[in-house]
Amino acid sequence: MAGSLKPNPMSVHVVAFGNERDGFSEDNEQSSLIWTYLGRSALISETESNLLLNSANHTGNPVFTEYQACVFGNVRLVVHDCPLWDIFDSDWYTSQNLIGGADIIVIKYSVNDRSSFQEVKDSYVPMIKRALNHCSIPVIISAVGARKSEVPCTCPLCTLDRGSCVTASEGIQLAKELGATYLELHSLSDFYIGKYFGGVLEYFMIQSLNQKSSEKMKRKESHKCHGVKPPQLEQPEKMPILKGEASHYNSDLHNLLICCQCVDVIFYSEDLKEVVEAHKIVLCSVSHVFMLLFNVKSPADIQDSSIIRTAQTLFAVNNEAVFPVSSRGSPCGPPVRVFVKDSFFCFCLSDILHFIYSGAFQWELLEEDIKKKLKDPGEVELVLEKVKCILKTPGKVNSSKNCRSHQTARPLQLCDTSLRLFFNTHVLADVIFQIQGATVPAHRAVLVARCEVMAAMFNGSYIEANSFLVPVYGVSKDTFLSFLEYLYTDSCCPASILQAMSLLICAEMYQVSRLQHICELYIITQLQSMPSRELASTSLSVVSLLRKAKFHNSDCLSTWLLHFIATNYLIFSQKPEFQDLSAEERNFVEMHRWPSSMYLKQLADYRNYINSQKCHCIVM
């Protein structure tokens with residue numbers, strides 16, 4: 001598609017974040033704001049609009065769609081539409097590049113999806129705000145849809161629909177925090193899209209083009225000085241690209257079920273036959289039914305009669321000595337025996353646990369597996385209803401649509417967010433780490449599933465395998481807590497470059513490669529965002545970071561840091577730490593330095609010529 005556009009050095013890049021559809025909408029064909037605008041805009045000629053509507057998902061980044069078109073006759077328009085905010089979590093580097101290359105940013109949301117708006121406001125808008133800290137890129141916030149609870153109202157003081165919808169005052173406040181333009185689009189009609197949204201967007205397009213034209217003219221004028229051209233400063237070498245490692249959180253937990261390590265629950269049929277082994281921490285992370293069953297919560301905490309009834313009618317915990325003593329279990333005791341009272345549910349329990357351990361979002365796959373075992377549609381429906389009851393949130397009505405919504409929502413939505421509830425708590429904890437005079441509770445099942453070193457430590461012949469108290473050396477408490485938080489949640493957010501380096505060292509010690517990559521990307525992103533003045537005055541030693549990266553086998557980061565020092569040669573060559581580079585490192589930096597010594601010599605000669613001619617040069 002891009003090849004058919006007219007070549008033109010002038011272009012406008014628009015990046016749109018957010019989903020303007022209702023959170024519970026079943027209309028998958030509902031038009032998006034960006035799609036509708038580009039399809040109806042009068043700026044796009046008919047010959048180009050057909051090309052525009054044949055959009056293609058970017059193969060490398062399936063979380064956004066790229067559109068290209070010609071506007072204002074021959075100006076190239078590139079739009080990246082990112083409906084899922086996950087790009088900030090799963091591909092931080094790409095999200096930063098998108099924002100950095102944007103001329104205009106559009107943030108869109110549905111006024112009828114308060115939970116999504118709150119998540120965007122609390123988690124993602126601060127990220128965008130930090131990314132735009134040193135930029136003046138126009139931002140448009142578009143509140144889309146007619147509020148369903150009341151007649152649509154744009155009064156900033158209106159509170160009639162505050163309970164279930166996002167009010168105009170909340171949107172305006174968000175726009176103030178970002179310095180953005182706020183728009184209310186009650187529908188995707190020609191008026192709201194073409195004249196209202198389109199008018200504002202096209203205004204910013206024109207402003208962007210005017211600014212680029214002005215900068216281009218200044219560059220042309222700067223090269224004119226009595227026919228003598230200043231030396232051309234070459235572009236610095238491209239920095240090495242660090243590729244992030246895909247999450248294997250899903251497979252880690254699923255493998256835990258398959259390998260049967262650190263088992264603390266065994267399910268039995270009513271005729272005392274062992275059915276399947278499991279783990280309290282995983283079961284309780286997805287279900288209040290299991291929280292009741294294992295005394296994590298009481299009926300008074302749940303306050304939902306259907307959940308209490310499901311726990312009582314479906315399961316029974318056996319505490320009598322009718323089973324032989326098992327060698328399995330943790331130092332806290334043998335596994336808990338649980339009877340499954342429903343024979344059909346018991347027959348399908350293995351498939352149900354595979355569904356839960358895989359993140360509880362592959363609902364259609366679970367349906368197929370149960371249908372293969374139970375031929376009677378009525379029996380299948382009864383078992384599926386019991387699964388819905390197990391996954392039910394207290395106070396909410398469950399439906400198959402809600403279960404299927406996990407497939408289109410964020411993967412692992414249940415496990416990775418719910419396990420956070422058990423992070424650094426004594427609830428169900430079966431190991432206590434002793435570190436710097438403090439204690440940190442944890443759960444062997446999570447540690448073994450997520451970390452191979454921990455798995456060897458707790459399942460091998462080491463003393464930790466049978467110890468409740470485990471000492472930790474060579475790492476601070478805060479760093480170790482951040483490390484455990486990643487194991488539980490599959491995410492981390494270091495507070496500084498130094499903390500990220502400490503966490504990288506801890507990850508290398510426990511051989512958690514993906515966490516190492518996350519820390520590397522954080523360090524790189526923070527260094528790249530530093531202005532030259534801050535980089536020159538900071539007390540942070542990049543050479544020290546290079547030393548640690550090399551010592552702890554972070555080859556990608558150490559290579560990048562060497563290129564970073566070379567690219568900012570004029571700054572680092574003035575720092576005392578520059579003398580600490582080895583001869584090999586110094587030779588690399590001198591070879592790849594920017595600007596090059598040849599350029600500086602040519603620039604000095606040019607200055608001498610200008611001064612000898614007594615000519616005033618625009619460049620100087």
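Is the crossing of α21 and α22 left-handed or right-handed? The crossing is right-handed, and the section on helix packing below returns to this pair.

## Basis of the report

The structure is a predicted model, in which local features need pLDDT of at least 70 and side-chain atom pairs count only at pLDDT 80 or more, whereas totals for chains, interfaces and linings use all residues. Residues are numbered from 1 along each chain as its sequence is written, and side-chain values use heavy atoms, with hydrogens and water left out.

## The chain as a whole

The secondary structure of the chain comprises 29 helices and 14 strands. Both kinds of element are DSSP runs numbered from the N terminus: helices are H or I runs of at least four residues, and strands are E runs of at least two.

Of the 620 residues in the chain, 49% count as buried. Buried means under 20% relative accessible area, exposed means over 50%, and partly exposed lies in between, with a 1.4 Å probe and protein chains only. Among the contacts in the chain with a separation of 6 or more, 67% come from residues 24 or more positions apart; a contact means heavy atoms within 4.5 Å.

Strands of a sheet pair through backbone hydrogen bonds, either parallel or antiparallel. Here, two strands are said to pair if DSSP finds at least two bridges between them.

Strand β4 (residues 75–82) is mostly covered, with 7 of its 8 residues buried. Strand β1 (residues 11–17) pairs with β4 in the parallel sense over 7 bridges, and strand β3 (residues 65–71) pairs with β4 in the antiparallel sense over 7 bridges. Arg 76 of β4 is the bridge partner of Ser 11 and also of Cys 70. The hairpin of β3 and β4 has 3 residues between the strands, and in this hairpin Phe 72 takes a positive phi near 50°.

Strand β1 is also mostly covered, since 6 of its 7 residues are buried. It is joined to strand β5 (residues 104–110) by 4 bridges, and these two strands run parallel. Within this pair, Val 15 has Ile 105 of β5 as its bridge partner.

Strand β8 (residues 265–268) runs antiparallel to β9 and is joined to it by 4 bridges; Ile 266 stands opposite Glu 277 in β9.

Another open sheet is formed by 3 strands in the order β13-β12-β14, and its pairing is mixed. Its edges are β13 (438–442) and β14 (469–471), each with a single partner strand, so one side of each is left without a neighbour in the sheet. Strand β12 (residues 431–435) and β14 run parallel and are joined by 3 bridges. The bridge partner of Phe 433 in β14 is Val 470.

## Packing of α21 and α22

Two packed helices are described by the angle between their axes and the distance between the axes. Helix α21 (residues 477–489) packs against helix α22 (residues 497–509) at an angle of about 65°, with the axes 9 Å apart. This makes α21 roughly perpendicular to α22; angles under 35 degrees count as roughly parallel, over 145 as roughly antiparallel, 65 to 115 as roughly perpendicular and the rest as oblique.

Thr 479, Ser 482 and Phe 483 of α21 make the contact with Gln 499, Ser 502, Leu 503, Cys 506 and Ala 507 of α22. By class, the contact has 4 nonpolar, 4 polar and no charged residues. Ala, Val, Leu, Ile, Met, Phe, Trp, Tyr, Cys and Pro count as nonpolar, Asp, Glu, Lys and Arg as charged, and the others, Gly among them, as polar.

## A loop residue

Ser 164 is found in the loop between β6 (139–144) and α6 (168–178). This residue is partly exposed, because its relative accessible area is 42%.

Terms used: Axes are lines fitted to C-alpha atoms, for helices over the stretch in contact, and angles run from 0 to 180 degrees between N-to-C directions. A crossing is left-handed if the near helix is turned anticlockwise from the far one by less than a right angle, and right-handed if clockwise.
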